Amino acid sequence: MFKKLFTEFLNTEEVKRFETANAVTPQRRRALTFGAVLMFSNREPLRTFKMMHAGPGQIESLRTGFGEWWGIYDEDEALEVLEYLSKAEGHAPFANQLYQQHIAPKRKDKRFGVRDENTGNQRADQGLKAYDQVWYDLQRFPGKDHKYASEELLAVENFAAWDLGRVVYIARNSVALGYLEEERVWQYIEKAADMASGIYSGWREYLAAYCLGRALGYGSYKNIDLEVKYLLKDDNSPYKDSKFK
């Protein structure tokens with residue numbers, strides 16, 4: 001029941017009215033779509049910049065969490081994070097390095113199981129195990145008509161999506177918290193969108209790179225079944241009406 005409520009939230013009339021009332025240009029809506037994975041996880045509308053859950057009590061809770069998770073407490077710190085994420089210089093370099101060292105050598109025989117591998121580095125081991133899980137999940141969770149073929153996943157060798165996708169989240173929260181002005185952060189969002197569209201072929205590859213990159217860089221695959229199913233399958237997904245290129 002929780003999962004059903006979680007996924008149906010974005011399709012409610014309340015959310016659709018909110019997105020209509022706070023509409024952005026088609027160009028900006030496309031740029032926002034690159035952050036849809038993380039904003040979906042945070043139960044925020046995906047087609048508009050303004051955040052729906054930004055009441056006084058929620059803002060204070062957000063301020064605390066934002067500071068603890070990201071170390072962002074003011075304007076300078078918010079800009080610093082946006083700067084390096086929009087260049088894919090956050091966790092993506094670690095994810096790319098881990099892939100090249102421990103996964104790419106196995107591509108020829110397609111032997112991607114890494115659960116029995118111990119690098120001696122706890123963070124690396126967690127990332128490899130999470131990657132292994134996401135590799136198989138992407139071939140199962142989206143369902144018959146949308147699941148990934150192994151050949152699609154073999155093509156994903158750049159995990160910049162994991163950093164670029166988080167730019168939208170950081171930008172929206174920074175503005176909601178009063179750290180930055182909205183017009184100032186659009187340059188970072190649009191830069192990240194342009195960079196991503198230059199690296200990947202479309203939404204499917206971008207989404208796979210984001211999920212696999214998050215696994216490698218963060219050792220996490222939480223909610224992948226919900227995110228992937230919604231973005232690839234749901235008629236209301238922003239992937240359906242936003243051009244990738």
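Is Arg204 buried, partly exposed or exposed? Arg204 counts as partly exposed, because its relative accessibility is 27%. Here, buried means under 20% relative accessible area, exposed means over 50%, and partly exposed lies in between (1.4 Å probe, protein chains only).

The model shown is predicted: local features need pLDDT of at least 70, side-chain atom pairs count only at pLDDT 80 or more, and totals for chains, interfaces and linings use all residues. Residues are numbered from 1 along each chain as its sequence is written, and side-chain values use heavy atoms, with hydrogens and water left out.

**View 1**
The side chains of Arg204 and Glu152 form a salt bridge, 3.0 Å from N to O. A salt bridge is a side-chain nitrogen of Lys or Arg within 4 Å of a carboxyl oxygen of Asp or Glu. This pair links distant parts of the chain: Arg204 is in helix α13 and Glu152 in helix α9 (residues 150-154), 52 residues apart. Helices (H or I, at least four residues) and strands (E, at least two) are DSSP runs, numbered from the N terminus. Glu152 is partly exposed, with a relative accessible area of 30%. The charged end of Arg204 also sits over the ring of Tyr148, 4.3 Å from its centre. A charge sits over a ring if NZ of Lys or CZ of Arg is within 6 Å of the ring centre and within 35 degrees of the ring normal. Elsewhere, Arg43 lies over the face of Phe9, at 4.4 Å from the ring centre.

Side chains of opposite charge can pair when their charged atoms come close. The whole structure holds 10 salt bridges. In one of them, Arg28 meets Glu190 at 3.8 Å, N to O. Arg28 lies in helix α3 (residues 26-33) and Glu190 in helix α12 (residues 182-199), so the pair ties together parts that are 162 residues apart in sequence. Glu190 counts as partly exposed, at 24% relative accessibility. A network of salt bridges links Arg28, Glu183 and Glu190. Another salt bridge joins Asp163 and Arg166, at 2.4 Å from N to O. Both Asp163 and Arg166 are buried.

A pair of aromatic rings is described by the distance of the centres and the angle of the planes. Rings of Phe, Tyr and Trp (its six-membered ring) pair if their centres lie within 6.5 Å; planes under 30 degrees apart count as stacked, over 60 as edge-to-face and the rest as tilted. The structure holds 16 aromatic pairs. The rings of Tyr206 and Phe244 have centres 6.2 Å apart and planes at 55°, so this pair is tilted. Tyr206 lies in helix α13 and Phe244 in the segment after α14 (224-233), so the pair ties together parts that are 38 residues apart in sequence. Tyr206 is buried, at 0% relative accessibility. Phe244 is buried too, at 6%. Ring pairs link Phe34, Tyr200, Trp203, Tyr206, Tyr239 and Phe244 into a cluster.

**View 1. The largest pocket.**
On a 1 Å grid over the protein atoms alone, a cavity is a set of points where a 1.4 Å probe fits but cannot get out, and a pocket is an open set with protein on both sides within 12 Å along at least five of seven lines; lining residues have an atom within 4 Å of a point. Grid points are joined across faces, edges and corners, and a volume is the space filled by probe spheres set on the points. The largest pocket holds about 840 Å³ of space. Its lining has 30 residues, and the closest to its centre are Leu38, Asn42, Trp69, Trp70 and Tyr169. Elements that give two or more residues to this lining are α4 (36-41), α5 (56-70), α6 (75-85), α11 (166-176) and α13 (203-218). Helix α5 gives the most, with 8 residues. The lining divides into 14 nonpolar, 11 polar and 5 charged residues. Ala, Val, Leu, Ile, Met, Phe, Trp, Tyr, Cys and Pro count as nonpolar, Asp, Glu, Lys and Arg as charged, and the others, Gly among them, as polar.

**View 2. The enclosed helix α11.**
In α11, 9 of the 11 residues are buried, so this helix is largely enclosed by the rest of the structure. Among the buried residues are Arg166, Tyr169 and Ser174. Gly178 follows α11 and has a positive phi, near 85°.
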